2 protein chains.
Amino acid sequence: MRDAEKVAARPSVAGPDAVVPEYHRPLLAPLTDSIRQLVDATVRTEVDDDELRRAHREIAAIAARLQARQMPGSYGQRVAAGSARFWGNPVVGVRNAIAPPLVIEYDDSGRVSAEFHLGAAYEGPSGLVHGGVSALLLDQILGDAAAAGGKPGMTGTLTLRYRRGTPLGTLRAEGWIERVEGFKTFVAGHLVDADGPTVEAEGIFVVPRWARGEAGSREWGQAMPDRFA
Amino acid sequence: MRDAEKVAARPSVAGPDAVVPEYHRPLLAPLTDSIRQLVDATVRTEVDDDELRRAHREIAAIAARLQARQMPGSYGQRVAAGSARFWGNPVVGVRNAIAPPLVIEYDDSGRVSAEFHLGAAYEGPSGLVHGGVSALLLDQILGDAAAAGGKPGMTGTLTLRYRRGTPLGTLRAEGWIERVEGFKTFVAGHLVDADGPTVEAEGIFVVPRWARGEAGSREWGQAMPDRFA
């Protein structure tokens with residue numbers, strides 16, 4: 001099917017659970033990667049004023065072209081199931097340039113992990129990862145650990161202990177389930193650099209009320225295998 | 001002074017505390033804003049494959065042009081003082097497209113606050129702010145509250161309680177000091193939507209060892225007034 005036909009086949013008014021045609025990862029991943037490069041370059045560039053003005057003009061024009069046909073509202077309100085469900089996510093999203101992105105893997109013991117690189121765009125104190133960025137990534141990792149246990153939930157509490165500064169560069173995040181009580185999953189995890197853990201995290205993730213019924217479970221369940229694809 | 005001269009005047013090998021020439025906010029703010037639009041558009045766009053490919057090619061070319069002359073390493077390792085110190089910051093940075101950005105204000109009571117808008121790029125569960133994004137923003141707000149009390153520090157601990165989902169849209173964050181013990185500042189804060197608090201936070205921010213001496217205090221002190229400029 002050609003692209004124009006795929007778009008035409010989409011309902012003109014997409015409901016909250018409408019599944020729009022998925023764009024292909026080979027198209028969107030390089031586009032998003034190039035924007036990550038752009039974000040990093042804008043933090044660090046030392047080019048002259050004219051080049052900055054030119055870049056601004058050109059980027060504004062590209063953004064307008066991409067906005068010429070776009071989902072109203074947010075991504076998650078349109079793409080509720082399937083492998084594209086998490087593509088908008090600010091930590092793991094294939095189409096979100098805020099995401100480093102983390103590619104999360106899981107082993108048989110239920111431990112989830114990701115190895116990734118953080119550059120200048122994630123800096124807090126000089127040369128170190130912003131404390132809030134560590135929290136952002138660990139929230140996702142802990143949430144994925146809870147989901148891997150079969151009970152995907154929303155963050156109820158999150159506690160972070162910063163043992164030392166986390167250097168920018170190559171890092172690893174790990175998460176695992178401590179125990180499950182009804183709709184609550186108690187999880188823990190940490191960020192690790194070459195010398196060991198830098199930030200430790202604990203959290204309670206709660207299956208939301210709307211997802212506790214059979215229909216809700218089915219919707220969450222449909223999305224699950226792809227979350228780790 | 002013309003731009004080419006400003007760049008030429010910079011030391012050819014910038015040390016960790018070198019102050020590079022500041023680019024002007026009127027140049028960098030619109031550029032970064034246009035990249036924020038691009039990030040949001042890439043999450044939501046439904047344009048055809050050819051347009052995605054074309055956008056990718058053009059953005060990669062712009063990024064390469066900005067990278068043609070840039071700081072080696074991270075921003076904070078080069079810009080250690082002055083009003084541009086926080087421009088690379090992923091929550092408040094004028095030149096960081098990851099930042100919404102938050103424009104933090106403070107009142108006489110020492111309370112810091114920011115009103116801001118979060119769109120599709122910050123989404124976790126459908127229509128709601130990603131739990132880790134709430135943590136990212138609150139870490140910054142609490143850190144700024146500690147700094148406003150005269151003791152800027154790094155995050156020691158951060159505890160978040162999610163009372164309910166935080167809807168995407170216009171939000172407010174607030175932070176304040178609970179008490180100070182030596183080099184530790186105990187702070188609290190929350191995210192608020194039209195119906196009240198959605199996420200509550202507590203944290204301990206610690207003045208790092210290297211900043212406790214006179215020289216260190218002076219360096220942090222120099223940067224302070226601009227942090228809230």
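How many bridges join strand 3 of chain A to strand 3 of chain B, and in which orientation do they run? The model is predicted, with local features requiring pLDDT of at least 70 and side-chain atom pairs pLDDT 80 or more, while totals for chains, interfaces and linings use all residues. Residues are numbered from 1 along each chain as its sequence is written, and chains are lettered from A and ligands numbered from 1 in the order in which they are written.

**View 1. Strand pairing between the chains.** Strand 3 of chain A and strand 3 (residues 154-162) of chain B run antiparallel and are joined by five bridges. Within this pairing, L158(A) has L160(B) as its bridge partner. Strands are DSSP runs (E, at least two residues), numbered from the N terminus, and two of them pair if DSSP finds at least two bridges between them.

**View 2. Strand pairing within chain A.** Strand 3 (residues 154-162) is also joined to strand 6 (residues 196-206) of chain A, antiparallel, through eight bridges. Here E200(A) of strand 6 lies opposite R161(A).

**View 3. The axis between the copies.** Chain A superposes on chain B by a rotation of 180 degrees with 0.0 Å of shift along the axis (RMSD 0.0 Å), which is the relation of a two-fold axis. In chain A, the C-alpha of T159(A) is nearest the axis, at 2.1 Å.

**View 4. Surroundings of L138(A).** Beyond its neighbours within four places in sequence, L138(A) is in contact (C-beta atoms, placed from the backbone, within 7 Å) with residues including L160(A), A173(A) and V199(A).

How values were computed. Two residues are in contact if their C-beta atoms, placed from the backbone, lie within 7 Å. Helices (H or I, at least four residues) and strands (E, at least two) are DSSP runs, numbered from the N terminus. Copies are superposed by least squares on the C-alpha atoms of residues with pLDDT of at least 70 in both.
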